[in-house]
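Let's walk through this structure together, moving from the parts of one chain to the way two chains meet. Keep the viewer open as you read.

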Amino acid sequence: MNRLNLPWNTIYFILAVLVIALVPLVVKSEYFLTVLINVMFGIYLCVCWNLVFGYAGLFSIGHQAFLGIGAYTSTILYLNFQISPWIGMFAGAILSTILAVFITFICYRYRIRGFFFAIVTLAFGMLMQNLFMSWDYVHAAVGIWLVLRNAPWDFYFMDRTPYYWIMLTLVVLSLAVSYFIERSRTGSYLIAIREDEDAAEAVGVPSSRYKVIVMAVSAFMISLAGTFYAQFYLYIQPDNVFSIHSAITMQVGTMMGGAGTLFGPVIGWTFFALFDEMLRWLPIGSLSMAAITRITYGVMLMLIIVFFPTGLIGLGEKFRMGRVVVLGSSPKTPP
Amino acid sequence: MPLMELRALSKNFGGLKAVHMLSLTLETGEILGMIGPNGAGKTTVFNLISGLMPPSEGSIRFKGEEIIHLQPNQICKRGLVRTFQITKPFGNITTHRNVMIGAFNRTKRVSEARDIADRMLETTLLSGKRNVLGRNLSVPERKRLELARALATGPELLLLDEPMAGLIPKEIDELLEILLSIWKGGMGILIIEHVLQAVMNLSHRIVVLDYGEKIAEGKPAEIARNPKVIEAYLGEEYVLAKS
């Protein structure tokens, strides 16, 4: 503690965020800023997914659907109805939330848990992708191009810097949400559900309600990133925004860092992103490059699950304390 | 009004009548023992009462309210909590946080839950294991953790499913002492137990189940002499040993 009466960890965190926020003022390289925005985008997805898997133990492989819905809703509202993406962003988020509540409720109603929950969400994600793939109103497989122009009130910027700050804000907000959930009764309830749903119910945890809540919060946040994607990359198509690749991003990053911990997803995805960048410098063709990246993801994911189920955070703690205790809640291996 | 009343409770699994027309009452502050051979339907009765599975027929009233349509967490909110025979600790969190999750049943506030958890750990002699992960506890510690977590919810009726199974005599004595100190707080206890010496001493009344039906009910001494019970469960040796 200090004069401001804040814990040191919080101060370090705020300082780190400030330093990261100042980067665009110093670095003017578009390429470098784009890389950082990409990394933060991945981190954001991981942090949001960690709420669902890390804390509540719900293995969702359908979160990319919320990303896609966010991207398409704001874009369609803007192009066809001239509604600013700033508003469309929240329209999409609400739509995603409704779908997440629906899916989770169906799973509760028919007592679908664990592995089968994963299958249902996977099917949901694929269904959404195929729906948009064959829906002419949203230009089906052709996708939608947005035109770059200078219109801040419509979420368009000529410069990378505003995008950078928006993405950083999203990441900080997602971490704040995780932090408050972890500290509250809700967090304890989610962990109880992850550990043993029957035991949790028996001591008064309304498991179905809390599963619905956490899915809703996560879907809402992921959906915001969808709108960001559309406004930043200016091209959306079912094969990119609805791609299962983003679901894999979430899993790899979260598990690599340590599921069920506050900073696990941040560390995990940063590690992967660095790794990815380093691979880019290898003297190989770009096509085999993509294949190598995918293969490495797969191999690393397997290695983590088998040897370090607590991820990098768990590993670090192990070295530091000689045993594994992570924030009073060490993570769980996937089902 | 009795604290809990089961009326003509039945549960069928296909053609098997796991529980058949079971009726019993439990008064406030009473310790009721439930005994019977393996497969007699004792744990099924617990699963029905705690809302884990719906009964095929019959009614369960707790404090005068019908609870058969409620979810387990709603039943717990009303003051009826159960422990599991096969202990279910939350393995990856500390013992203290395990108990806090139970305590959240009566309070929203984290600091209050923390205090309740500390008191419950003290009651169940687990203070020394406060920061140990649930999965690293020994069997007797897990049994006591089940109890601490259930107590933390602030129950009026406690359902204990074989809390003494797998314990050595010294640990059984410890647990009996804990149970008596809890009971002095005025809550009702329904206990399934195969450790007869313990359950006979602890209970005010005993219900005997066999093939899902109640075959006897009464004071421990009467039960020990009941020929039907001797035939179904106790066996001749127990009577000889007692006399």
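This is a predicted model: local features need pLDDT of at least 70, side-chain atom pairs count only at pLDDT 80 or more; totals for chains, interfaces and linings use all residues.

Where the two domains of chain B meet, 8 residues of domain 1 are in contact with 7 residues of domain 2. On the domain 1 side of that contact in chain B, you will find 5 nonpolar residues, 2 polar and 1 charged.

Now take chain B as a whole. Its secondary structure consists of 9 helices and 10 strands. The radius of gyration of chain B is 18 Å, close to the 18 Å that the globule rule gives for 243 residues, so chain B is as compact as a globular protein of that length. Along the principal axes, its C-alpha atoms fill a box of roughly 55 × 40 × 35 Å. Of the 243 residues in chain B, 47% are buried. Contacts in chain B also reach along the sequence: among those between residues at least 6 apart, 66% join residues at least 24 apart.

Finally, turn to the place where chain A and chain B touch. Chain A brings 22 residues to this contact and chain B brings 27. Which elements give two or more residues to the chain A side? They are α7 (185-195) and α8 (197-202) of chain A, and α7(A) gives the most, with 6 residues. By type, the chain A side that touches chain B divides into 8 nonpolar, 7 polar and 7 charged residues.

Conventions:
Residues are numbered from 1 along each chain as its sequence is written. Chains are lettered from A and ligands numbered from 1 in the order in which they are written. Ala, Val, Leu, Ile, Met, Phe, Trp, Tyr, Cys and Pro count as nonpolar, Asp, Glu, Lys and Arg as charged, and the others, Gly among them, as polar. Helices (H or I, at least four residues) and strands (E, at least two) are DSSP runs, numbered from the N terminus. The radius of gyration is taken over C-alpha atoms; the globule rule is 2.2 Å times the number of residues to the power 0.38. A residue is buried if 20 or more other C-beta atoms lie within 10 Å of its own, exposed if 12 or fewer, and partly exposed in between; C-beta atoms are placed from the backbone.
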